[in-house]
Amino acid sequence: MRALHNLKWSKILYVTKGMLVGAIAGVVISLLRASVELLLETTFEVYHFLNDQPIWIVGWVLLMLLFAFIISLLIKHEPDIKGSGIQDIEGQLHGSLDLNWSSILWRKFIGGTLAIGSGLALGREGPSIQLGGAVGQGVNHYLKGNRSQQKILISAGASAGLAAAFNAPVSGILFVLEEMHRKFSGILLLTAFSASITANFVAYQIFGVEAPMNLGELFQFPLEYYGHLVLLGVFLALGGWLYQEVLLAMPKVYSMLPIPPYLYIFIPFLLVIPIGLFFPSMLGGGIEVIDMLNEGSPTLWLLVGIFVFRFIFSHLSYGSGLPGGIFIPVLSLGALMGSIYGNGALSLTGIDDIFLRSFIIYAMGGFLTSVTKAPLTSVMLITEMTGSVTHLMPLAVVCLSAYVMSDFVGSEPIYEELLFRKVNAQPRLFQGEVAEITMHVEVGTALDGMMAKHLITPEGAHLVKIARRDHEFIPHRDTVFLPGDELIINTDKGYVSDVKKQLYKYN
């Protein structure tokens, strides 16, 4: 009886809720994954048929236009299904966005399936994470949970979404902690862990336990060539900076076209048709490209040409506002950059060509790190997707190098930038509702050792308390911030994004 009395029932309750969210999210994401794979497989077969029977091309064009029209209607009634959706989940967790989970759930599912399954350069991970978050919010709604509980279940759903999308349960947990919250919380970890494992178990039942990318045998990378890993990380960081700059500029590029915004999505749907007819291997998010590189490396100049082609195709697809993610396109671009660097290294230094595949795998993680600024997630995601730990150490070196260089060139986490631009595109109005912002004091930053009186907050934002270890207290003017402190700042809900942008300059 004493053992039962000592059980922490609140934690067991969160584990139960996490498993419930994971089970539902696992079913939803598995259905999305199966729908996308079925439609994409059909798309490849259709293009093969059209090459033999070109008379049917007109009918296929009309079908693509119909798909674009359906998605435009879905976006018109629910604008928050545009793009990846990860930035929207982050905005919801930070208090700067309110999302309609029931509206997003079915519209994102249909829109994402049609866009990704039609062969556009989009990934399923973004929609999977947003759909998982919507499931978490819906579960909290029916359980009548409060706002704090809602954030935990949304996070758990997002974790489950990534886990089910890629058979990557640990990556799902890390992504939520590293990218969305940037902090460690016991209850958050426990709930996300429960949801992620449950969702992955559901996906296992449907798709099997095999790793999503079977790239064959990998050899231990020689220690004497680790300098190449650092150079590769630098190369990837510069490529990631360029990728971010172009991605953030695409709305302005599309706005230059003499057509209304609701017609933007028709452009990639029309462009994908000649791609499917003449270059079918270039269709889709990029898994086919990675498989092609794994089977045999093209010539250096052909690799450069494919990279430029995929780079443009990816930005045209995502920049139009179609519902779809960037993880898989980014991984494929990273693989191409790794193959380009590897071919150069093999010809100049005489490294054995058995390590070319290693450069491809390392570059996928490094390029993802340079774009998302989430190195731990990148390392674990590549490990889980390939099903091999042989490359763990060299992969970590590339990701670390890419992260450091990305900081040096001023790259910001792409989802934070996308969220900031989305929120600032809307009129900022006083809403009369208090929002709470948390900010961690990192070692060696401007906040480390700063007195509270020297913290300059935007107008209307106030430091109300500090959480230090297991205690919370109200600071006075001479309170000194210590590494690990969690600063709790209150502001009006309408100004959360502006306040966060200014405060995070300290860190």
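**Entry: Arg 33 and its partner.** I looked up Arg 33 and found it buried, with a relative accessible area of 6% (buried is under 20% relative accessible area, exposed over 50%, partly exposed in between, with a 1.4 Å probe and protein chains only). Its side chain meets that of Glu 37 in a salt bridge, at 3.8 Å from N to O (a salt bridge is a side-chain nitrogen of Lys or Arg within 4 Å of a carboxyl oxygen of Asp or Glu). Glu 37 is partly exposed, at 36% relative accessible area. For helix and strand numbers I rely on DSSP runs counted from the N terminus: helices are H or I of at least four residues, strands are E of at least two.

**Entry: ground rules.** I noted that this is a predicted model, in which local features need pLDDT of at least 70 and side-chain atom pairs count only at pLDDT 80 or more, while totals for chains, interfaces and linings use all residues. Residues are numbered from 1 along each chain as its sequence is written, and side-chain values use heavy atoms, with hydrogens and water left out.

**Entry: the other salt bridges.** How many salt bridges does the rule give? I get a count of four. I wrote the three down as a network of salt bridges: Asp 80, Asp 88 and Lys 422.

Buried or exposed, where does Asp 88 fall? Asp 88 counts as buried, at 1% relative accessibility. Asp 80 is buried as well, at 15%, whereas Lys 422 counts as partly exposed at 21%.

**Entry: positive phi.** Lys 144 is not a glycine, yet its phi is positive, about 60°. I place Lys 144 in the loop between helix 6 (125-142) and helix 7 (147-166), and it is exposed, with a relative accessible area of 75%. Lys 373 also has a positive phi, near 60°. This lysine is found in the loop between helix 15 (356-372) and helix 16 (375-386), but Lys 373 counts as buried, at 5% relative accessibility.

Entry: In what order do the four strands lie? They form an open sheet in the order 1-4-2-3, with antiparallel pairing. Strand 1 (434-440) and strand 3 stand at the edges with a single partner strand each, so one side of each is left without a neighbour in the sheet. The twist averages 25° from one strand to the next (axes are lines fitted to C-alpha atoms, for helices over the stretch in contact, and angles run from 0 to 180 degrees between N-to-C directions).

I then went through the pairs, taking two strands as paired if DSSP finds at least two bridges between them. Strand 1 and strand 4 pair over seven bridges, antiparallel, and His 440 stands opposite Glu 486 in strand 4. Strand 2 (residues 462-468) and strand 4 (residues 486-492) pair over five bridges, also antiparallel; here Ile 466 has Leu 487 of strand 4 as its bridge partner. Three bridges join strand 2 to strand 3 (residues 471-473), again antiparallel, and Ala 467 has Glu 472 of strand 3 as bridge partner. Strands 2 and 3 form a hairpin with two residues between them, and Arg 469 in the turn has a positive phi of about 60°.

**Entry: Thr 43.** Back in helix 2, I checked Thr 43. Thr 43 is buried, with a relative accessible area of 1%. Leaving out residues up to four places away in sequence, Thr 43 touches Trp 60, Gly 117 and Ser 118 (contact means heavy atoms within 4.5 Å). I also noted that the C-alpha atoms of Thr 43 and Leu 283 are separated by 9.2 Å, with the two residues 240 apart along the chain.
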